[in-house]
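I opened my notebook to look at a new protein today. Here is what I looked up, entry by entry.

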Amino acid sequence: MERLCNQLQEEIATMILRHEIKDPRVNEFLTINRVEVARDLAYAKVYVSSFMDDMSVNRGVEGLQSAAGFIQSTIAKKLTIYKFPKLTFIADFSMKEGYQMVQKLNALEKDSSLNDAT
């Protein structure tokens, strides 16, 4: 199951980078963070993120969702599994939020060291 998740993640990311998805909302700055496939292979959640603004990420996710049928059929031709999951794309802002949290912690640490020095 984990191998399938990784393979789906790689295939979708490759399609994005090669501009195989013709929807103008989908660009190469979108990143596929992870894929979670249901045990019965009925569904797969694809988590998408980017360092672009939230509106651009949401538009990109909408573009991917509208191209989900094309993505599924393209990848299904490459993989040999008996049932291909229905893809659902979800905007994932955790990477961006984590980066912002690190920035805040670094700023607090810098302020603390300045206050200790005085």
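**Notebook: from the whole to the parts**

I began with burial, and I found that 36% of the 118 residues in the protein are buried. I kept in mind that this is a predicted model.

Next I looked up the elements: there are 4 helices and 3 strands. Reading from the N terminus, I wrote down the order α-β-β-α-α-β-α. I then checked the radius of gyration, which is 18 Å, well over the 13 Å that the globule rule gives for 118 residues, so the protein is more spread out than a compact globule. Along the principal axes, the C-alpha atoms fill a box of roughly 65 × 30 × 20 Å.

Then I turned to the inside. Which residues touch the most other members of the largest nonpolar core? I noted Ile12, Leu64, Ile71 and Phe89, out of 28 residues in that core. Two or more residues each come from α1 (2-17), β1 (31-37), β2 (43-49), α2 (54-66), α3 (68-78) and β3 (86-91). The most come from α1, which gives 6 residues.

Leaving out residues up to four places away in sequence, Leu64 touches Ile16, Ile21, Val26, Leu30, Val48, Ile71 and Phe89.

My last stop was the surface. Its accessible area is about 7,700 Å², and 54% of that belongs to carbon and sulfur atoms. I found a nonpolar patch of about 320 Å² there, made by Phe51, Met95 and Tyr99. Met95 sits in helix α4 (residues 94-117). Is Met95 buried, partly exposed or exposed? Its relative accessible area is 34%, so I wrote down partly exposed.

Definitions and conventions:
Residues are numbered from 1 along each chain as its sequence is written. This is a predicted model: local features need pLDDT of at least 70, side-chain atom pairs count only at pLDDT 80 or more; totals for chains, interfaces and linings use all residues. Side-chain values use heavy atoms; hydrogens and water are left out. A nonpolar core is a set of buried Ala, Val, Leu, Ile, Met, Phe, Trp, Tyr and Cys residues joined through side-chain atoms within 4.5 Å. Buried means under 20% relative accessible area, exposed over 50%, partly exposed in between (1.4 Å probe, protein chains only). Contact means heavy atoms within 4.5 Å. Patches are made of residues with over 30% relative accessible area and no salt bridge: like charges are joined within 9 Å, nonpolar side chains (Val, Leu, Ile, Met, Phe, Trp, Tyr) within 5 Å. Accessible areas come from the Shrake-Rupley method with a 1.4 Å probe; for residues, only the protein chains shown count as cover. A salt bridge is a side-chain nitrogen of Lys or Arg within 4 Å of a carboxyl oxygen of Asp or Glu. The radius of gyration is taken over C-alpha atoms; the globule rule is 2.2 Å times the number of residues to the power 0.38.
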